Structures are given as structure tokens and as C-alpha cells.
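User: I would like to learn how to read features from a model like this one. Take me through it step by step, please.

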Amino acid sequence: MNAPNYNFAYLNEQTKRMIRRAILKAVAIPGYQVPFASREMPMPYGWGTGGVQVTAAILTPDDTLKVIDQGADDTTNAVSIRKFFVKTSGVATTEKTEDATIIQTRHRIPETPLTENQILVFQVPIPEPLRFLEPRETETRKMHALEEYGVMHVKLYEDIAQYGQIATTYAYPAKVADRYVFDPSPIPKFDNPKLNDCPALQLFGAGREKRIYAVPPFTKVKSLDFEDHPFEVQTWDLPCSICGAHGSFLDEIVTDDKGGRMFVCSDTDFCAKHQDANS
Amino acid sequence: MDAVLKIEGLQKTFTLHQQGGVVIPVFEDVQAEVAAGEAVAITGPSGRGKSSLLKLIYGSYRASGGHIRVRNKSTWADIVTAAPHEILDLRRSTIGYVTQFLRVIPRVPAEIIVAEPLLDRGVDEGEALERARQLLAKLNIPERLWHLSPMTFSGGEQQRVNIARGFSAPFPILLLDEPTASLDADNRSRVMDLIEDAKAAGSAVIAVFHDENERHRVCTRDIALN
Amino acid sequence: MNTLLSARDVGKTYGRRVGCENVSFDLHAGEVLAIVGESGSGKTTLLKCLSGNLQASSGEVTYAMRDGRNVNLASLSEAERRLLMRTDWGFVHQDAREGLRMGVSAGANVGERLMAVGARHYGRIRDQSEDWLSRVEISKDRMDESPWAYSGGMRQRLQIARNLVTSPRLIFMDEPTGGLDVSVQARLLDLIRGLVRKFNLAAIVVTHDLAVARLLSSRMMVMQQGRVIETGLTDQVLEDPQAPYTQLLVSSVLQV
């Protein structure tokens, strides 16, 4: 059902062109934060207004859209955004990673490997990885321009000095194509290796901060680390309690108020597929 | 003997801008020549500029006219016209200056203060400290004080630390401003020994003494300021 | 002796108001130059022009780079200038909050300059931080504290450690002891004096305190209303001041 009051995918064509230009520039300069004229969207900031605008700008009637929130297709944010696009564009939707052509995500990369025919759109709250140490935008832009990234390691240094290890577990900074340091949005660092050399185009949209950036297909993405404290991802001793998969990213679920808990896949599509295969 | 210092037509006046621009003449035409290995006394009534002459030679005061030529190895420098860097260079290697007043720096131990002129020349720290300790011992500074800042030392002890500092590195030209004033007889004679040693080692000594006997003991000539 | 930094007719005007004008001097390696004068005399403006934090309106400043080239600082690209400031130069501010990253630990403050030039080995960065903190008399059990937990004197010492860790050849200091207790000042001055000697550092120290100038510097420039009115060896300027203003300045110092 396509609500007739709206242009296809909500945004007007001029706005989409403006966003596409920003996306093209972002793809041309991997990891560089391109400013764009972010629009007011019919949802609050923090709900993925950046990702929604990027998706709206690249969506075609033939696309199949998947929307996930922390890996799940069935949480409020994912459901709302999926319904939004169904209502404004009438595109097909899916929960299956391999069937989607565009996947909008909040804070995860699907466990199922992506392909060259897919685009992954990230919702980004704070695009500037240097913001933690440098509040001035004029200064952070200069630091990017001059590749002054020593300060990024200051953050990691602080982690090790205080916790004995790099305690940053999400939004873990990485360097794209040996040039720009970027914030991969609050995905767990578990997903950072998937950014590297990924066949799919990865687009990042920050609505409130008005920035778009990109990792083109098959681009080198290197997570920052120290020689004596190399980058490592989280591991779990036990498999997923539901599907029994090893090596996927697990969420902890508290099951009662007596300390009972279980660990299950955060990627609901992956978990369901794995259950089917087992049964 | 070869001259190492030649003073020609030296003039000095002070203009006191804070007191209505009054001009105080100190001297108008000082002439002198001092050779290596000799000691010369600056004499004259009090207030006639004996200390001022030493300060002019050292470059602390600026001459109003004339020349103060100093032999620096094979060349001659004129303190009156020399650039600050040249004067600093001369002070490091050529002109030493000993007063009775120690400029105490908080927290710097006595032995380091004494060793500094050597350290400035790049002498190895161990060697410099060795020489410093010898001098402190010779000037009767108790060993327990060597590691302390002279901040809390008595006036006489501070004075002796300063003298030790003045003699730690050999200088071709040595300026002494009443080095023995207010010392006891034993320490005086030790300072006199140091002066004799410096002279024997070839230093040209230009000194102001308030004690006639001491003056006569080391100095062979006078530069009289009248 | 080799000239490290050379200023020729440096001036800075703000519209019709003069910040400083016609300043020329040469600074040699390992030499400490004090710039003295009262508030508003233009000494901080001059320091900023010399260190490239402010663009001079006239004149030029040349610097002998580590590779031996003499470069006009105005001709450096911003990237080169910023690299120079992070490696071969240091800047000690009167207000430590300007010179430190207050949000991270003392150890990280010192380590930052190393990481900025490519150090990527945590253990070695930490060892070097610890070494430099101990040189400025900050014990290692305080290296993971934030500078907010430090006293004023400690913050100044931390600034110095942060600057010296890359073995710079030139340090700019703007009233380094301003606002500190007298006893804390003495310790800091002595420390600076020792480090300058040990590492053959050149320094340009802006101060209104003649005692600080006397203790640290071998040469002095006296400024009044944006102009240099007297220069010379420190003892020359203090013991035989020539200009009326310098005589006033020297005679105004209280004797203890």
C-alpha cells in the first residue's frame, strides 16, 4: 500500500538528489564525513533519522528492505522503520539477510556474510571519533585533514591504563583505506572485522549531526590498536541457548530475579536459520 | 709575558632617570694592560669605581666609551662592543669572576653550584664533582653540607662556596672582588693559596682587595683609580 | 654557536592598535631568552607570533629545522607547522588547562605526543611517560590520575613533561610560574633550569617577574608598549639598566 500523500520513500526528489550527492562524495573519499542538509523526519532524533534518509535516497521500487535493531527484526525501532518504508514506498521487505538488497541497521552487522548486491545502511548517533578528546569541530576537521590521529590512541591508552585492556567494546574506531579514522557507529567491536574487505557497500548516516560517510565494497578497514595490545573481539564460552550456534554475537537475557540468565544470538534471522538447520 | 687584557680609554657614567636624569661620572679614561700569569690590584678610595671596573670587564656594566680588549685564544674580542653571545662565550671559557656574594638557587646542592662552570664546559659530571669536592674540602666546608642547598648556610659558608665555584674551572682572566672579605685567617690564607695557584697556572688576576697585606702578597702592580 | 630562531622586524597590529612592532633578535641553540615587561606591553603577543600561534602582520621568523634547513615559519604548511609544534617545540602555558588535556590521565598527557608521532607500543609509551613524570618529580602512582586531581605546581610540571617527551629543541613559556605559591615557584624554576641545562634546550620565557628572568635566562628583552626598549645580557640589564623604564622596573623590585 502506497500512501498517495507522500512522494516515493517520503523525501522529495530534490532532497534525495542532495543526499545522493553526499553519498557519492562519501564513497569517493572512504571514511570522510560529508556534511549534508539533514531533514526533519517524522520520528525523533536518535531513532535513526540519518539512516532513514540514506535509505530513502537509495531505495528503488525493486528493492527488498530489511531493517534490524541490535540484530533483531522484531524490536520497536526496526518494526517502526520497516513500516515507515512500507507505507511511503511500498517496497518488499524481508527478515532474511540473504534476500535483502538494502539492510538498514542499528548497532549490528548481520552474521550472514553480505554480498556485492547488497547495501548496508548504518544509523549513527555521533559520527566524530575524535569528539571524545576534542570538542571543537574546527579542530577535529583539521585533525582529519592533517591525519593527526595520535589522540585516538590516547583513548585506547586510557582504557589499558585503567582496565588493563582495551575496554572499548562498541563504536570501536578504525582506519579506512589507510587514511581516515572513523566511528563505525555503536556496533560491537565483534563486528569490526566484518567491515574489512566487505563485498557490500556500507553507508553511514547521522541525522542529528548531519553527516554521511561510507566504506566502499572491498575496502580495507583496520581497527586501531597497540602492538602489544592487539585488537581482539569478544568470545563466549557457551553456544547460543536457542540455536546452539558457536561464534555468533550473543546477548545476555535475564530470565528471572534469582540470577537466572541465558545467552542467545543477537541476530534473530541467523538464529532462526540455525534452528531450522538443526531441526 | 703576553698581554691578555687591554683597557683603553675606558669611560663610565651612570644616568639615573628616576632621579631627574642626574649623570654620575665614574671614570673618564682608564688605561691598563694585564699579562698572563700576573696579578694586578685595582686601588683607589672607596666609591671610586673599583668594583665597577671589574663589572665592566665582565660585561655586567656597559661602558660609556673606550675599549676592553680580551684575548680569546688567538683572537681579540672587545667587551664594549661584543654581542651578548660572544660575552657569554667568553664567560664560559675565558673570564672568571668571584665576588663575596653567592646567588643562591633554591634546591641546588653546594657541590653542583661549584661544579657548574665545569659542567657548562662539557666536563664529565663525575670529574666536575670530584674537583668541586676538593675545593669545598680545601675551603673548610664540612662534607655533610655538600649535598645541601647553601640557602641555609652561614654568610661565611656561602661566601666560600662562591669562591670554590669561581676557582673550579681554570680561566685565563680571573676577576676577584674582595674575595677574602669577612673570612677568618685560616680561610683567608686558603683563598690566597688558590689565587697563587691560579696565577702559577697562567691566569691573569685582576683583583680588588681591602687588605693591604693580601694585596701585596699576590699583586705585583696596581691600577689606581683616583 | 648556531642560530636556532631568528626574528626580523616582527610586528602585530590589531587594526590601528599595536600589539608589538619591529622586534628583531637571534636565539641560539641552548640559550634562554627572557622577555619582560608589564601587562599589556606586548610580550605575550610577541610570543604567539614567534611560535606561530598568531600570524604576524609584518616581519619574518626563521627557524633552523632538525634537518638543517632554515625555513621561514610563515612559508610552512599548516601540517608542517603543527608537526613542528608537536615535536621540536614545546609550549608551557601560564594556565595549565590550556596546555594539558584535562580529560585524560597524566600518563596519557605525556604519552600523547609520542602517539602523535607514531608510537604504537603501549608498554614503551608507558615506560617513557613514567620516566618523564619522574624527571619532573611526579611519582608513578599518580600517573593514572587526571590533572584535575593535581595541584597548580604539579600541573605545570606535568605540562613540562608533556612537552619534553619528544626531545624538543625550543620551548616557549608564557609566565610559567604565574599564579603559583612562592615555594612552588622556586621548585619549578629550579626544575626548568636543570632541564634546560641537561637537554641543551633553548627557551623563550615571557615573564613580568625579574627574579624569574634572572634565574632562568642569559639574555633579556625589555618591552614597553609593544616595542623592545632594551636588550642585553640578563645581568647587564638588571645591574646596569639604561632605559628609564628599565631603571624603574629594576628599582621597583622589592628586596627581601
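User: Where does Asp191(A) sit?
Analyst: Start with the secondary structure. Helices (H or I, at least four residues) and strands (E, at least two) are DSSP runs, numbered from the N terminus. Asp191(A) lies in the loop between strand 7 (180-182) and helix 6 (192-195) of chain A. This is a predicted model: local features need pLDDT of at least 70, side-chain atom pairs count only at pLDDT 80 or more, and totals for chains, interfaces and linings use all residues. Residues are numbered from 1 along each chain as its sequence is written, while chains are lettered from A and ligands numbered from 1 in the order in which they are written.

User: Does Asp191(A) count as buried or exposed?
Analyst: Count C-beta atoms, placed from the backbone. A residue is buried if 20 or more others lie within 10 Å of its own, exposed if 12 or fewer, and partly exposed in between. Asp191(A) has 21 C-beta neighbours inside 10 Å, so it is buried.

User: Which residues does Asp191(A) touch, leaving out those up to four places away in sequence?
Analyst: A contact means that two C-beta atoms, placed from the backbone, lie within 7 Å. By that test, Asp191(A) touches Arg108(A) and Ile109(A). Glu40(A) is 151 residues from Asp191(A) in sequence, and their C-alpha atoms are 30 Å apart.

User: How do I read a sheet, and what is the strand order of the open one in chain A?
Analyst: Strands of a sheet pair through backbone hydrogen bonds, either parallel or antiparallel. Two strands pair here if DSSP finds at least two bridges between them. The open sheet of chain A has three strands in the order 7-6-10, paired antiparallel. Strand 7 and strand 10 (221-223) of chain A are at the edges with a single partner strand each, so one side of each has no neighbour in the sheet. On average, neighbouring strands of this sheet are turned by 30° against each other, direction ignored. Axes are lines fitted to C-alpha atoms, for helices over the stretch in contact, and angles run from 0 to 180 degrees between N-to-C directions.

User: How many bridges join strand 6 and strand 10 of chain A?
Analyst: Three bridges join strand 6 (residues 174-176) to strand 10 of chain A, in the antiparallel sense. Val176(A) has Val221(A) as its bridge partner in strand 10 of chain A.

User: Now chain C. Why is strand 7 of chain C largely enclosed?
Analyst: Check burial along the strand. Five of the five residues of strand 7 (residues 170-174) of chain C are buried, so the rest of the structure largely encloses this strand. Leu170(C), Phe172(C) and Asp174(C) cover one side, with Ile171(C) and Met173(C) on the other, and all are buried.

User: Which strands pair with strand 7 of chain C?
Analyst: Strand 6 (residues 89-92) of chain C runs parallel to strand 7 of chain C and is joined to it by four bridges. Strand 8 (residues 202-207) of chain C is also parallel to strand 7 of chain C, through five bridges. Leu170(C) stands opposite Trp89(C), and its bridge partner in strand 8 of chain C is Ala202(C). From strand 7 the chain crosses through helix 7 (residues 182-198) to strand 8 of chain C, a right-handed β-α-β crossover. Right-handed means that, with the strands pointing away from the viewer, the path from the first strand over the helix to the second runs clockwise.

User: Why is chain C said to be as compact as a globular protein of its length?
Analyst: Compare the radius of gyration, taken over C-alpha atoms, with the globule rule: 2.2 Å times the number of residues to the power 0.38. Chain C has 10 helices and 10 strands. Its radius of gyration is 18 Å, close to the 18 Å from the rule for 256 residues, so chain C is as compact as a globular protein of that length. Buried residues make up 50% of chain C. Chain A, with 279 residues, has 19 Å, in agreement with the value for a compact globule.

User: Which two chains have the most contacts between them?
Analyst: Chains A and C do, among the two pairs that touch. That contact takes 19 residues from chain C and 16 residues from chain A. Helix 4 of chain C gives the largest share of the chain C side, six residues. Chains A and B do not touch, and their nearest C-alpha atoms are 33 Å apart.
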